[in-house]
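The exercises below are meant to be worked with the sequence and the model side by side. Please try each task before reading its solution.

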Amino acid sequence: MSDVKRSLLDMSPGGKTDDADEETDDHIESNETFAEFCTRQAQNVVHFLVEDWFLSALLGIITAVLSVGMDVAIEVLQHAHVTFYDKMLAISTYLAFSQWVAHIVILTMFSAIFCQIVSKQAVGSGIPEVKVIMHGFKMENYLTTRTLVAKMVGLTLAMGGGLPIGKEGPFVHMGAIVATLLSKITSACQYSAFFSNEGREMEMLSSGCAVGIACTFSAPIGAVLYAIESTSKYFAVKNYWRGFLAATCSAIVFRCANFFVTAEQSGTITAFYQTRFPTDCFLVEELPIFLLLGFISGLMGSLFIFIHRQISIFRSKNRVYKLIFRNNFLAFTVFMAFVVGVLTFPNGLGRYFAGRLTFRETMADFFNNCTWATNDSRRCPDSILTHWTGGTEGDVSIFTSLVLYYILYFVLVAICISINVPAGVFVPSFIIGAAGGRLMGETMVVLFPEGMRGPGGPPIHPGLYAVVGAAAYTGAVTHTLSVSVIICELTGQLSPILPVLIAMLMGNAVCKFLQPSIYESIIRVKKYPYLPDLPPSRVSVHTVKVEQLMVTDVIYITKDMTYREMKDILQLAPHLRSFPIVTDHENKILLGSVAKRYLTMLLRRHVLVNQQDSRNIGRITPAEIFNTIRRTSMRLSRRSPSRRSNSSQTRENSIPETARSDAQSTNDQVEFVSERTISGNTLLSISPLHCPNNIPLQAVFTRPSSADLSKAETNADILLNRNIDLDEIAIDAAPFQLVLGSSLYKVHTLFSLLGLSHAYVTDCGKLVGVVGLKELRDAMANIYVRGAVAPVKPDRKLTSGTYLDMSQMHRDKLQSNPPMTPPANGHSISMESPKFGNSLTVPPMAL
């Protein structure tokens, strides 16, 4: 209270001077006893530990516990798959084939059904959705407890069944969900505004993404860097330590569980592949080979992304596919599980590429320091060669096995990560890249059996090529460089860091030039409201200007506009949620922007309420209007959906029945004044109107006096023909503006950095257009093929004056030919809305 009193004194005209304030502070501090001082400092320490350290550590511990439990279940299912196959093989080959395929099909089917019933949002990787959420777009039900449960059960069944998918992407999503749930739990602590900060939620989300990688690879440093690269465009360095703390706690719990809970041969538990390369594991002469491996990995990575996108488009548009599978979520998933089972059957085609092995066992073989192609002392043991030479017969070449493995999993992974089960792409990409690197390494051994320097020189290590290939291919597919750090933590050695960096930088550069990352490709396929990154080395992003992108015919509000004109704009522009305000039709000097919800309330207050009073139909007082809107605002300000629904029901029960019926009749008669329009707000993120929940409507509008209400006109035409009163509109006087001549590169940077969704374009203060995310996405639709191209603008003539002329023509037609449906508000309007302006709306799937 003393702080409040001092602030009020500072704001008052007769407040004290600085010297007086210092005397007051000294006086207040002198009155504080030593016990009170110790109590206050103890509270500060407790709050600091709870708000930062405890929550970050708890996030890492909870996610690691979930990871350990899932890994144990996955290992049990995978072990049961092989064990029952061996028992059935002793009886009959056909029985073994049936058991092998049925295990994959049944568990995959249960995974898809469970996700469909519990939460459809659990399907897929989850990283694309987290990217969209962290860039300011709300996606419903993606960060809920139901999605967490569906993700855990679905991923366990799918991986335990034997699908060629990974768990890193789903675990990133799970870490973000755990972080969100912790934020919701701590939001009940109202003693500090720290928990209710929107920036705090983004910090927790970023930490949750880092934990998802740390608890699967036990690589806390690489996990934090990978989370930043894969989910954030701009990251605040001050949040580094939270991510590192959470990732470290997660890695500690994971290692402890690995030591105490599981055995040494524990399948997916040991996500740590220790290699033993010597210090001089490569020569300078091999660096061009590593560069070539990175170049090939970049080409194959871009081809993988292209194939995956074409498969997704084919499934959504091809008529033959729809005729066969009929858009059933289960049919194609079960079909692909059956295909995987048939191809990986160990006694069938799987004999030629180690179809019996899991990803973890395959990774251990690829990273092994021995060689497969020679018969000298460095030859691998028979236990490893049996997997890759066709069994005990050994009649299959290792090159045939590696090529077949690379091709089959290249195609299978591209398809399986798009079916209706939780699936990640990180580990499959790791395996594919390691197979390609091992293939090149074994080729180098055949070409240089004594090493590149001849007898007595260092030998060639094919396992090193596998490590380099895995890093280069994964970095190319995901467009990340932190994979090099993950590789070092994964293998426990720093000796391969130089070849890894060389190959990965080359692969990343090639793939970035040709294709977006796999996550951005999925975002484009699903049409999420996300502004993609600009690819490097595109001159067109600097030559395309904002005047080529903007919408020139802007719907705007003028100072001398009447309520009738404003009502027509609100009725025939339902998709616009904010409007610019200009001086007049001729000069069009931009004064600011106003949210649609405030225009709706202004119209309802000055026109519609008086009409209802004059007709004695559904009488409602201004106090009841503001109470209804205040209840709506308070209900929307609740964070928890369950609390929101409970509080709304309680408030509705407390409202008198007459008031509820009157409000309902008013909403029925006024079509455009609905819950959707009332809750709408401006899309400009830096605007104070962007978060109307923090600004009660009662503080924005002034309650009309009884004298004003008694003097209100009752004639509808007179009411509608009055000029709007801009003094009572909450205007954002500083909307974000761009000037003519701004390049696409600058516009993209500003939108990405500030989180904008639209900006007005002005020329010496005159409003000349508006540009939004839709225009930017359209300009970048084919940027990898043709570069940035200005989108073709439709022929639309919808300036404010033309728009009102059109609405007047519609009214004239309706007066001569009344519509079949009753007109809203007693006035004839056109039931067909024209298409015009900048949509600035979010697709339905992203809401």
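**Exercise 1. Aromatic rings**

How many aromatic pairs does the count come to?

Solution. The structure is a predicted model, in which local features need a pLDDT of at least 70, side-chain atom pairs count only at pLDDT 80 or more, and totals for chains, interfaces and linings use all residues. Residues are numbered from 1 along each chain as its sequence is written, and side-chain values use heavy atoms, with hydrogens and water left out.

Begin with the rule: rings of Phe, Tyr and Trp (its six-membered ring) pair if their centres lie within 6.5 Å, and planes under 30 degrees apart count as stacked, over 60 as edge-to-face and the rest as tilted. By this rule the count is 26 aromatic pairs.

Next, take Phe 325 and Phe 332, whose ring centres are 5.3 Å apart and whose planes stand at 90°, so that this pair is edge-to-face. For their surroundings, the scale is that buried means under 20% relative accessible area, exposed over 50%, and partly exposed in between (1.4 Å probe, protein chains only). Phe 325 has a relative accessible area of 16% and is therefore buried, and Phe 332 is buried as well, with 9%.

Finally, one aromatic cluster is formed by Phe 353, Phe 359, Phe 366, Trp 372, Trp 388, Tyr 405 and Tyr 409. A charge sits over a ring if NZ of Lys or CZ of Arg is within 6 Å of the ring centre and within 35 degrees of the ring normal. Trp 372 has Arg 438 over its face, at 4.5 Å from the ring centre, and Phe 84 has Lys 87 over its face, at 5.7 Å from the ring centre.

**Exercise 2. Salt bridges**

How many salt bridges does the structure hold?

Solution. A salt bridge is a side-chain nitrogen of Lys or Arg within 4 Å of a carboxyl oxygen of Asp or Glu, and the structure holds seven of them.

One of these salt bridges joins Arg 356 to Asp 86, with the closest N and O atoms 2.8 Å apart. Because Arg 356 lies in the loop between helix 13 (331-343) and helix 14 (359-366), while Asp 86 lies in helix 3 (residues 34-91), the pair ties together parts that are 270 residues apart in sequence. Helices (H or I, at least four residues) and strands (E, at least two) are DSSP runs, numbered from the N terminus. Arg 356 counts as partly exposed at 33% relative accessibility, and Asp 86 is also partly exposed, at 33%.

A further salt bridge is made by the side chains of Lys 526 and Glu 129, at 3.2 Å from N to O. Lys 526 belongs to helix 21 (residues 518-526) and Glu 129 to helix 5 (residues 127-134), so this pair ties together parts that are 397 residues apart in sequence. Glu 129 is buried, with a relative accessible area of 3%, whereas Lys 526 is partly exposed at 28%.

**Exercise 3. The open sheet**

What order do the four strands of the open sheet have?

Solution. The order is 1-2-3-4, with mixed pairing; two strands pair if DSSP finds at least two bridges between them. The edge strands, each of which pairs on one side only, are strand 1 (557-558) and strand 4 (731-732).

Now go through the sheet pair by pair. Strand 1 and strand 2 (residues 578-582) are parallel and share two bridges, and Ile 557 stands opposite Ile 581 in strand 2. Strand 2 runs antiparallel to strand 3, with five bridges joining them, and here Val 582 stands opposite Leu 590 in strand 3. Strand 3 and strand 4 are likewise antiparallel, joined by two bridges, with Ser 593 opposite Asp 732 in strand 4.

Strand 3 (residues 590-595) is mostly covered, since five of its six residues are buried. Ile 731, found in strand 4, counts as partly exposed at 34% relative accessibility. The C-alpha atoms of Ile 731 and Leu 591 are separated by 8.6 Å, although the two residues are 140 residues apart along the chain.
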